[in-house]
Amino acid sequence: MQALYAQLLVGLINGSFYALLSLGLAVIFGMLNIINFAHGALYMMGAFCAYFLLNLAGIGYWPALIIAPIVVGIFGMILERTMLQWLSGLDHLYGLLLTFGIALIVQGVFQNYFGSSGLPYAIPDELKGGMNLGFMFLPIYRGWVVVFSLIVCLATWYLIEKTRLGANLRAATENPTLVRAFGINVPRMITLTYGLGVGLAALAGVLSAPINQVRPLMGADLIIVVFAVVVIGGMGSIMGSIITGFSLGVIEGLTKYFYPEASNTVVFVLMVLVLLVKPTGLTGRAA
Amino acid sequence: MSALTDDTLPVSPRAVRDEMIVFVLMAALLAIVPLTGIYPFFVMQALCFALLACAFNLLIGYGGLLSFGHAMFLGTAGYFTAHALKVWGLSPELGILVGTLGAAGLGVITGVVAIRRQGIYFSMITLALSQLLYFIYLQTPFTHGEDGIQGIPQGYLFGIFNLAKPTVLYYVILVGFLGGFLLIYRTINSPFGEVLKAIRENEPRAISLGYKTDHYKLVAFILSGTIAGFAGSLKVFVAQNASLTDVHWTMSGEIVLMTLVGGLGTVFGPVVGAFVIIAMQQYLAGFGQWVTVIQGVIFVACVLTFRRGVIGEIAHFFRRSL
């Protein structure tokens, strides 16, 4: 049973990353109509940002949790201003191709300087060690990642669904021209939205640094799984992305325990099944 | 969805004549390659990728479907052909048949799933399916995992042509490429191709005219996958191995890049694009990971400033369809 709980925890952690990344993808897709292929590369940049802060400037985990998403978010906003904004009005696929190119550039540059092996990033002192819960041993850092990700996800949901800013954002998704007529600066909002989505990816990167090590390709394979998560959940609903992300992580964890050979593929197989039964995705609108 | 197609001129007798002239020129140029002393291995490899990119272009250029998983056909056909030649000891023509049929079967299975969604979702689904296949090939014994299938015997095609001789192999590959190319060309100019273009332009209208668009898309997907698989089977004879590289998503990305550079939705663009990208990889092989960075830069540059691609720009300049 110990092993089962351990795998469940691993599943919850992966689910946190799926949720944070697919949430960002959904928010970006809503505003920019772009599937951000660079999301995995920006997640990796978040982790590297934390690594640089620690090793070059001596800035630890806690400040990095705030600084890295902001730095990477600004990088994302520069990308949006200099490149992505020129694609509005074109076929969606050009956004995919452009961000794929950006992902290749970012990952290639990091691979040149850091190879493909992982760089260690220590768990902060406050979160070291573990707790004995009676039925299992819980490493505190892992518990922290799950709880903190959940809070960030719910805060994002609240921001978009319940605040005035979020209402403007949702309105601009539906009809940007009309919203501009109300005097709201939609292009600036688009840039900020991209920054927010990218910042969430970078935050996931920082959270994963102590667990998965810091590697140039850490986001490359992850983003494909997240795409499958997005296809399963649909991008129509924020809460849908969060729930789908966490549940698929848990299912993957369970698979690791009961049938480890299929743990790499289970999310993709589920995607196929969902497409056969309900092609629009579990929560999605027809696109 | 019209961004791709602004410059596509309607098919006219003049366009067909232009295209046939260029085709004959291309075939003649390729036929004299062995006499020029150009390294035939490079051209053979480029021809296989050119056919692969043409098959991919059939989907994106004429059906409006961007597949981000076309490497799965390349890799699957490669593994099947390699296995048939090496383990079963089949003759080359049967090996090619096994590989191509394998890719066709894969096209049926993945096509049924992938065409359930359009646009951007289609791309994500094909990418996820190819990644699923990648993990399957990583684990099944017959692919030999990370090592791949190596030292594949080339044998005698139809019992006559010795494929171990570079010149003979070159002409076999060339004939295969030209045959596949003509099949695709015939398809896009057939009534079937016209319906496909109609679906790309306006799917609801095509449905309202009574076309079962899902059937057309599925057939196009299977055809594209089968021809891509044929290219993958041919490539086995050139490279004499089949490995996981051919199934990886980076390979799918390269196929997209070749077609983009040459020109999406142009007849000859994918061929030019394949030669450009393969040549670039050949000459920049010493730069390691910078090749990836350069590919990324080409992607970005093409999307931002050069969306028509090489052939698309030429065709636009001369107001012709190529």
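Is A:Glu80 buried or exposed? A:Glu80 counts as buried, at 4% relative accessibility. Buried means under 20% relative accessible area, exposed over 50%, and partly exposed in between (1.4 Å probe, protein chains only). This is a predicted model: local features need pLDDT of at least 70, side-chain atom pairs count only at pLDDT 80 or more, and totals for chains, interfaces and linings use all residues. Residues are numbered from 1 along each chain as its sequence is written, chains are lettered from A and ligands numbered from 1 in the order in which they are written, and side-chain values use heavy atoms, with hydrogens and water left out.

**Interface between chain A and chain B**

- Chain B and chain A bury about 4200 Å² between them. Carbon and sulfur atoms account for 78% of that area. Buried area is the accessible area (1.4 Å probe) that two parts lose on being put together, summed over both.
- On the chain B side, B:Ile120, B:Met124 and B:Trp249 lose the most area to chain A. Together they make up 15% of what that side buries.
- The contact takes 48 residues from chain A and 41 residues from chain B. Contact means heavy atoms within 4.5 Å.
- Seven residue pairs are in polar contact between chain B and chain A, both residues at pLDDT 80 or more. A polar contact is a pair of N or O atoms within 3.5 Å; within protein, one must be able to donate a hydrogen and the other to accept it, and residues adjacent in sequence count only if both atoms are side-chain atoms.
- Helix 5, helix 6 (119–139), helix 11 (249–262) and helix 13 (290–305) of chain B each supply at least two residues of the side that touches chain A. Helix 6 of chain B gives the most to that side, with twelve residues. Helices (H or I, at least four residues) and strands (E, at least two) are DSSP runs, numbered from the N terminus.
- The count of salt bridges between chain B and chain A is zero.

**Salt bridges**

- Over all chains the count comes to eight salt bridges. A salt bridge is a side-chain nitrogen of Lys or Arg within 4 Å of a carboxyl oxygen of Asp or Glu.
- A:Glu80 pairs with A:Arg81 in one of them (3.8 Å, N to O). A:Arg81 is partly exposed, with a relative accessible area of 39%, while A:Glu80 is buried.
- A:Asp125 and A:Lys128 meet through their side chains in a salt bridge (3.0 Å, N to O). A:Asp125 is exposed, at 59% relative accessible area. A:Lys128 counts as partly exposed, at 45%.
- In chain B, the side chains of B:Lys197 and B:Glu194 form a salt bridge (3.4 Å, N to O). Both residues lie in helix 8 (residues 191–201) of chain B, three residues apart, about one turn of the helix. B:Lys197 counts as buried, at 13% relative accessibility, and B:Glu194 as partly exposed, at 38%.

**Nonpolar surface patch**

- A:Val269, A:Leu273, A:Leu276, A:Val277, B:Val108, B:Ile109 and B:Val112 form a nonpolar patch on the surface. Their accessible area together is about 610 Å². Patches are made of residues with over 30% relative accessible area and no salt bridge: like charges are joined within 9 Å, nonpolar side chains (Val, Leu, Ile, Met, Phe, Trp, Tyr) within 5 Å. Accessible areas come from the Shrake-Rupley method with a 1.4 Å probe; for residues, only the protein chains shown count as cover.
- Helix 11 of chain A gives the most to the nonpolar patch, with four residues.
- A:Leu276 has its place in helix 11 of chain A. A:Leu276 is partly exposed, with a relative accessible area of 38%.

**Buried residues and their contacts**

- B:Ile277 sits in helix 12 (residues 269–283) of chain B. B:Ile277 is buried, at 0% relative accessible area. Neighbours within four places in sequence aside, B:Ile277 is in contact with B:Leu257, B:Met258, B:Val261 and B:Gln295.
- B:His83 belongs to helix 4 (residues 71–86) of chain B. B:His83 counts as buried, at 16% relative accessibility. Not counting residues up to four places away in sequence, B:His83 touches B:Trp88, B:Phe142 and B:Ile149.
- A:Thr156 is in helix 5 (residues 140–162) of chain A. A:Thr156 is buried, with a relative accessible area of 5%. A:Thr156 touches A:Leu23 and A:Leu200, not counting residues up to four places away in sequence.
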